[in-house]
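Here are some friendly notes to read beside the model.

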Amino acid sequence: MREFFTLLGIAFYSCFSFSVQAQTEGSFKIPDSLRAKNSRELKSIIYKLHRNDANRENYIRYYIEKAKEEKDTFELTIAYHFMASSKEEDREKHIYLDSLIAVSKSRKDSIYPQIAHLYKGSMYHQKTDYKKAIDQYILAYTYASEKNQTNILDQITFNIGLLKSGIEEYRDALNDFMKYHESITKNDTTNNSYAHFASLYQISKAYRDLNLNDSATFYNKLGVLASSKTKGEWYHQFILNEGINEFHKKEYQAAIDSISKAIPFFSDPKRDFELMIIYSYLGKSNYELGFKEKAVGYLKESIDIFNKIRYVIPEIRDDYNTIIDYYRGKKDYENHIKYVDYLSVFDSILKSDYKYLTKKIIAKYETAKLQQQKKLLLQKVESQERTNLLRNIVFSVLLLIALLIIFYFFNRQQVYKKRFERFMKEQKSTIHKSSITESRQHIEVPREIADNILTGLNSFEENLKYCDQHITLGSLAKKLNTNTKYLSMVINHIEGKSFRAYINDLRIQHTIDRLQTDRFFRKYAVKSIANEVGFNNPETFSKAFYRFTGLYPSFFIKQLEK
């Protein structure tokens with residue numbers, strides 16, 4: 001919820017903000033004195049109207065008509081902006097924002113349509129429709145970057161950072177929040193704006209997600225200090241955030257003390273979201289201190305609030321498992337089953353809300369396993385006499401699964417060994433040489449250019465230039481004094497593969513050769529090997545190695561060591 005308040009506060013209402021009580025069109029008559037006004041004069045009048053003026057929306061409607069009549073697209077975009085801001089329903093907001101976008105696309109002298117796209121993205125983000133949110137952010141970025149509007153670009157960066165947090169790309173998210181914070185600090189020396197507090201909050205949260213808790217504490221303290229004069233909303237948000245951080249630092253009593261300080265401020269039923277988090281972390285902290293009865297009470301309070309507001313944050317999912325384990329230990333099957341059912345509801349909403357962003361969090365928490373346990377427990381409740389039989393069945397199934405797993409891994413090791421032996425035989429029987437000396441016929445590239453490219457590729461391979469992590473089709477083409485099209489065509493013809501596959505195969509073959517001859521190289525970590533031969537990360541290296549050899553690097557190295 002905090003993220004979404006931040007989204008709307010930064011993305012749109014910072015430009016204009018209206019609170020309108022709409023009337024039906026027929027209940028208001030435009031005064032004759034206004035009919036002589038042009039659209040710009042009407043805009044000035046609307047600005048001066050009190051935000052709670054019941055006639056504001058009718059004035060805006062007339063403003064739209066005037067702008068259309070005068071064919072003034074700039075005033076029309078502002079009029080649509082006014083009207084979108086005045087509407088309560090998202091559906092109506094989108095209608096006017098779409099009209100704004102359609103009118104302003106051709107204009108090069110305003111903040112539109114990028115602000116409208118940013119606003120729409122924030123609305124979709126708030127509704128957890130992440131795919132549409134990202135699409136709108138991309139459009140906003142495209143228009144804003146064309147006009148070099150850094151303030152809007154920074155706002156987009158901040159919102160994208162929130163999305164990155166949702167897919168656990170915490171380091172990238174932190175970079176985005178830092179960039180936004182630097183921009184805000186540069187333009188707001190008071191360090192007392194909503195945007196300033198929002199950026200500090202998200203930076204602290206990102207550090208916490210990265211398990212850099214001391215850094216998180218540093219930014220929480222900055223937030224507490226900056227908001228301590230009023231001790232309002234943000235002050236208590238930072239106190240609560242630090243309490244959560246203290247929990248992750250395993251300072252459980254300190255966490256309870258900090259979180260408890262925030263309770264009075266968030267005790268209003270309208271702050272159910274914060275209360276849900278508060279009760280969740282009070283429960284977690286008490287559980288770690290051994291006060292299980294008290295902990296379960298808090299966790300149940302948190303889950304009860306979730307059942308009311310149905311707003312998902314993944315970090316409270318473990319609370320269900322704690323309660324389920326607690327009741328399993330108590331042999332309280334009725335409550336056990338009850339909270340398994342609650343977990344199913346939570347997971348279904350989580351899956352729906354994070355359908356575009358989630359990283360298989362459902363599988364992570366083994367929901368299917370819990371469902372199977374629920375089924376077995378229901379059978380146990382219905383017929384205690386079948387308990388021993390069910391226990392034997394479960395034991396047999398688990399034993400069978402264990403045996404199958406053992407067999408699977410044993411069989412896989414054997415398969416990998418055979419692959420290794422076969423691969424090594426093929427390596428010995430193959431003379432590794434560049435295939436670029438093969439036939440140059442039928443290459444749809446001028447002969448002289450093709451010859452120069454092939455000569456350059458020979459030198460490129462001999463000097464191991466493919467180990468450069470920054471090599472691209474464009475950069476290599478430039479070094480060979482040709483263009484990317486010709487270079488790509490030559491590689492495709494000679495090697496029968498794309499440029500990226502060509503580079504990766506060279507790197508993997510070089511890796512294999514060096515591993516066979518350099519025993520010190522074999523002692524490197526996979527990540528270090530990957531960096532050494534030109535890959536940016538070990539995952540990409542391992543996948544490329546497997547495609548080339550049918551084996552993973554770690555297994556290949558172990559076999560060489562034998």
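This is a predicted model: local features need pLDDT of at least 70, side-chain atom pairs count only at pLDDT 80 or more; totals for chains, interfaces and linings use all residues.

1. A word on burial first: a residue is called buried under 20% relative accessible area, exposed over 50%, and partly exposed in between, using a 1.4 Å probe and protein chains only. Leu 100 has 0% relative accessibility and therefore counts as buried. Leu 100 sits in helix H6, which covers residues 90–104. The C-alpha atom of Leu 100 is 5.5 Å from that of Tyr 80, although 20 residues separate the two along the chain.

2. Numbering starts from 1 along each chain as its sequence is written, and side-chain values use heavy atoms, with hydrogens and water left out. Helices are DSSP runs (H or I, at least four residues), numbered from the N terminus.

3. Now to packing. Two packed helices are described by the angle between their axes and the distance between the axes. Here the axes are lines fitted to C-alpha atoms over the stretch in contact, and angles run from 0 to 180 degrees between N-to-C directions. Helix H10 (residues 170–187) packs on helix H11 (residues 194–209) at about 155°, with the axes 9 Å apart. H10 and H11 are therefore roughly antiparallel to each other, a term for angles over 145 degrees. The crossing of H10 and H11 is left-handed, meaning that the near helix is turned anticlockwise from the far one by less than a right angle.

4. What is the crossing angle of H14 and H15? The axes of helix H14 (residues 252–262) and helix H15 (residues 272–288) cross at roughly 155° and come within 9 Å. That makes H14 roughly antiparallel to H15. The crossing of H14 and H15 is left-handed.

5. On charges, the structure holds 19 salt bridges, each being a side-chain nitrogen of Lys or Arg within 4 Å of a carboxyl oxygen of Asp or Glu. One of them joins Glu 315 to Arg 208, with the closest N and O atoms 4.0 Å apart. Glu 315 lies in the loop between helix H16 (292–309) and helix H17 (317–330), and Arg 208 in helix H11, so this pair ties together parts 107 residues apart in sequence. Glu 315 is partly exposed at 30% relative accessible area, whereas Arg 208 counts as buried at 7%.

6. Which parts does the salt bridge between Glu 293 and Lys 330 tie together? The two side chains meet at 3.4 Å, N to O. Glu 293 belongs to helix H16 and Lys 330 to helix H17, so the pair links parts that are 37 residues apart in sequence. Glu 293 counts as exposed at 53% relative accessibility, and Lys 330 as partly exposed at 48%.

7. Please look at the network too: salt bridges that share partners join Glu 57, Arg 61, Lys 87 and Glu 92.

8. Finally, Ile 393, Val 397, Leu 398, Ile 401 and Ile 405 make a nonpolar surface patch of about 420 Å². Such a patch takes residues with over 30% relative accessible area and no salt bridge, joining nonpolar side chains (Val, Leu, Ile, Met, Phe, Trp, Tyr) within 5 Å; areas come from the Shrake-Rupley method with a 1.4 Å probe. Ile 405 is found in helix H21 (residues 387–429) and is partly exposed, with 42% relative accessible area.

Conventions:
Patches are made of residues with over 30% relative accessible area and no salt bridge: like charges are joined within 9 Å, nonpolar side chains (Val, Leu, Ile, Met, Phe, Trp, Tyr) within 5 Å. Helices (H or I, at least four residues) and strands (E, at least two) are DSSP runs, numbered from the N terminus. Angles under 35 degrees count as roughly parallel, over 145 as roughly antiparallel, 65 to 115 as roughly perpendicular and the rest as oblique.
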